[in-house]
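Dear colleague,

Please find below the structure that I am handing over to you. My notes on what was found in it follow directly after.

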Amino acid sequence: MSERKPKNLVVVLLDSLNRHMLEAYGGREFATPHLTAFSRDALRFTRHHAGSLPCMPARHDILVGALDFPWRPWGSIEVWEDNVARALREQGVTTMLASDHPHLFETGGENYHTDFNAWQYARGHESDPWHTAADPTWVGAPALPAARGAFGHAYDDSRTYFRSEEDFPGPKTMSAAAQWIRTEAPAHDRFFLFVDEFDPHEPFDTPLPYAGLYNDDWDGPLAIWPPYLIDATASGQLDARTARHIRANYGSKLTMIDHWFGRLIEAIDAQGLAASTGIIVCTDHGHYLGEHDIFGKPAAPVYSELGRIPLLARWPGQAPRDVDALTTSVDIHATIADVFGATIDHPTHGHSLLPVLEGTAASVRELALFGYWGRHVGVTDGRYRYLRGCSGDNFPLSVWSNRWSTMPIPPFPQIRLPRPDGRATLDRMPGTDVPVIRQPFEPGDQLPFWAGHIPPSESYLFDTDADPFEAENQVGTRAESALRDAVATELRHIGAPGDVLERIGVA
C-alpha cells in the first residue's frame with residue numbers, strides 16, 4: 001500500500017442531499033454548521049454528478065462500480081458482480097455498514113449488506129415495516145402531530161414509538177457509527193466504514209427544536225411527506241404556503257442530521273484517526289423542492305438540482321481546496337478499491353480519484369453518463385449537461401437482470417415488475433460469460449415505475465457555467481451535435497444495450 005494512501009476509509013452517504021442548499025456550496029437558507037466545518041478541512045468537488053438514479057441504482061454505482069441505469073431500473077447485486085466490501089475483506093480490511101435505509105433490506109436491495117463483516121440497521125425510516133399500528137401512549141412524545149402520508153407509509157405508525165430525538169432513525173444510525181468508531185474500530189488494523197444514512201430523505205419529520213426552525217408560522221400538523229409533482233404551484237396542485245412549509249421541513253431534517261454527522265466526526269477525531277483515515281461525504285441525488293416548479297423526484301428531467309451533487313473528502317496530508325475535475329458516483333467505488341489495493345473481478349466504469357485527491361492529476365475523466373432507466377440518457381463534460389430524449393414512443397426497451405425486481409411500493413403490493421415471459425432471451429452482459437435474462441417490453445406492457453409515464457420525448461442542453469439555473473435550453477445549437485455524439489460514444493464504450501441507443505435516436 002502506498003504510504004500516501006490513508007490506512008482507513010469512512011464513506012458517509014446522506015440521501016437526497018441538495019448541493020445548492022449546503023453552506024459549503026454557497027447555500028444560505030439552512031444551517032449545516034458541521035458539514036460546513038468539515039468542508040473547511042476538505043477537498044470540495046465542484047463538478048460531481050450522479051450516475052444512475054434514484055436510490056438503489058445509485059448504491060449499485062457506488063458499491064458495485066458499474067452504471068446501472070442502461071440495463072435495469074432497480075435491483076440487487078447481480079450474480080456476476082460483487083459488493084466492493086467482498087474485495088476489501090479479501091485484503092484483510094474490516095468492513096462495517098451502519099444504515100437506516102429501508103431499501104437495503106427489501107426486495108431489490110436485499111443483498112448489498114451481506115458482504116460486510118458486520119452491519120447495523122436502525123429501524124423505522126420511511127417504508128420500513130417496523131410497526132403495524134401506532135403506539136397508543138405516544139401523546140407527549142417528541143414526534144409532533146403530522147399529516148399521514150397519502151399512501152399509508154409504515155412510518156406514520158413507527159414514528160409514534162420515538163421517545164427522544166435519539167430514537168429517530170438518522171440519529172440512531174449516526175450514533176451507531178460513532179459508537180463503532182469508539183469501541184470496535186481500534187481492534188482492527190485497517191477498516192472501511194460505510195454509513196448509508198437515509199436522511200435528509202423524506203419523510204421530513206423532526207422533533208423540536210428543529211421542527212419549525214425555518215417556518216414558524218405553520219399552525220397545523222406537519223406536512224412531512226413531499227408531493228411528487230411537475231408544475232406543482234402553476235397547476236394549482238400545491239399552494240405556495242404549503243410549498244414553503246415542505247421546503248422548510250426538508251431544511252429542518254438537514255440541520256438535524258448535520259448535528260449527528262458532527263458527532264461522528266468528533267468520534268473519529270477523538271480516537272486519533274484523523275491522520276490515518278480518509279473521510280468521503282457524498283449522496284445519491286438531490287431532491288426538488290420547488291426548483292423548476294417541481295417537487296420530489298417525479299418523471300421530470302434530471303436538472304442540476306437533482307443530478308449535480310456534493311462530494312467532500314477530508315484526506316490525510318492534503319490541504320483543503322476546490323477540485324474542478326469532473327467526477328461521478330462510480331468513481332467513488334474505484335477510489336475505495338484503490339485505497340485498499342483491492343482487485344475487482346467484474347466490469348466497472350469508474351476511475352479512481354486518488355490522483356486528484358493526492359494532487360498528482362487534474363482530472364480522471366472527460367465525460368460522465370447519467371440518468372434513470374427508460375428515461376433521458378444524460379451526459380456531461382462538466383460544463384454542458386445534455387439530456388437526450390427518446391426519438392419516438394420510448395421503445396425499444398428492455399430489462400437485463402437475473403434478480404428480477406423493481407422498486408417495491410408497499411402501499412400498492414399489486415404494482416410489481418411482471419415476471420419474464422416467452423419473449424425473454426438469454427444474453428451476455430459486457431465482460432461476463434454469465435447468462436442474463438433480457439426481457440423486452442412493448443407498447444401496452446406494464447412497465448417499471450419510471451418508464452411508465454409520459455415518454456421523455458424532449459431533449460435538453462444547458463451550459464451550467466453561463467446558465468447555472470438551467471433556464472435556457474440550447475438544443476439545436478452547435479454544442480448539441482458534439483454532445484449527441486458523446487452520448488453514443490459513451491454508451492458504446494460501456495457496452496450499453498443497442499436498444500438504448502436506438503430508443504434515443506443515436507444508434
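Asn249 has its place in helix H6, where helices (H or I, at least four residues) and strands (E, at least two) are DSSP runs, numbered from the N terminus. Asn249 is buried, with a relative accessible area of 5%; buried means under 20% relative accessible area, exposed over 50%, and partly exposed in between (1.4 Å probe, protein chains only). Apart from its neighbours within four places in sequence, Asn249 is in contact with Phe204, Leu222 and Ala223, contact meaning heavy atoms within 4.5 Å.

Please note that this is a predicted model, in which local features need pLDDT of at least 70, side-chain atom pairs count only at pLDDT 80 or more, and totals for chains, interfaces and linings use all residues. Residues are numbered from 1 along each chain as its sequence is written, and side-chain values use heavy atoms, with hydrogens and water left out.

Helix packing

Two packed helices are described by the angle between their axes and the distance between the axes. The axes of H1 and H6 come within 7 Å and cross at roughly 45°; such axes are lines fitted to C-alpha atoms, for helices over the stretch in contact, and angles run from 0 to 180 degrees between N-to-C directions. H1 and H6 are therefore oblique to each other. Here, angles under 35 degrees count as roughly parallel, over 145 as roughly antiparallel, 65 to 115 as roughly perpendicular and the rest as oblique. On the H1 side, Pro33, His34, Leu35 and Phe38 meet Asp258, His259, Phe261, Gly262, Ile265 and Glu266 in H6.

A second pair is formed by helix H2 (residues 55-64) and helix H8 (residues 329-339), whose axes come within 6 Å and cross at roughly 30°. H2 and H8 are therefore roughly parallel to each other. Their contact is made by Asp61, Ile62, Leu63 and Val64 of H2 together with Ser329, Val330, Ile332 and His333 of H8.

Aromatic rings

The structure holds 19 aromatic pairs. Rings of Phe, Tyr and Trp (its six-membered ring) pair if their centres lie within 6.5 Å; planes under 30 degrees apart count as stacked, over 60 as edge-to-face and the rest as tilted. The ring centres of Phe38 and Phe261 are 5.6 Å apart and the planes stand at 80°, so this pair is edge-to-face. It links distant parts of the chain, with Phe38 in helix H1 (residues 33-40) and Phe261 in helix H6 (residues 240-270), 223 residues apart. Phe38 is buried at a relative accessible area of 3%, and Phe261 counts as buried at 0% relative accessibility.

Tyr460 and Phe462 have ring centres 6.2 Å apart and planes at 20°, so the pair is stacked. Both Tyr460 and Phe462 are buried.

Arg263 lies over the face of Trp260, at 4.7 Å from the ring centre.

An open sheet

Three strands form an open sheet in the order S15-S17-S16, with antiparallel pairing; two strands pair if DSSP finds at least two bridges between them. Strand S15 (397-400) and strand S16 (425-428) are the edge strands, each pairing on one side only. From one strand to the next, the twist averages 40°. S15 and strand S17 (residues 435-441) pair in the antiparallel sense over 4 bridges, and Ser398 stands opposite Pro440 in S17.

Backbone features

Most residues other than glycine have a negative phi, and most peptide bonds are trans. The peptide bond from Leu53 to Pro54 is cis, with omega near -5°, and Pro54 is found in the loop between strand S2 (43-49) and H2. Another cis peptide bond joins Phe395 and Pro396, with omega about 5°; Pro396 lies in the loop between strand S14 (384-388) and S15.

Glu126 is not a glycine, yet has a positive phi of about 40°. Glu126 lies in the loop between strand S4 (118-121) and helix H4 (155-158) and counts as buried at 7% relative accessibility. Glu470 also has a positive phi, near 55°. This residue is found in the loop between strand S18 (460-463) and helix H10 (478-493), and Glu470 is buried, with a relative accessible area of 3%.

With kind regards

Methods:
A charge sits over a ring if NZ of Lys or CZ of Arg is within 6 Å of the ring centre and within 35 degrees of the ring normal.
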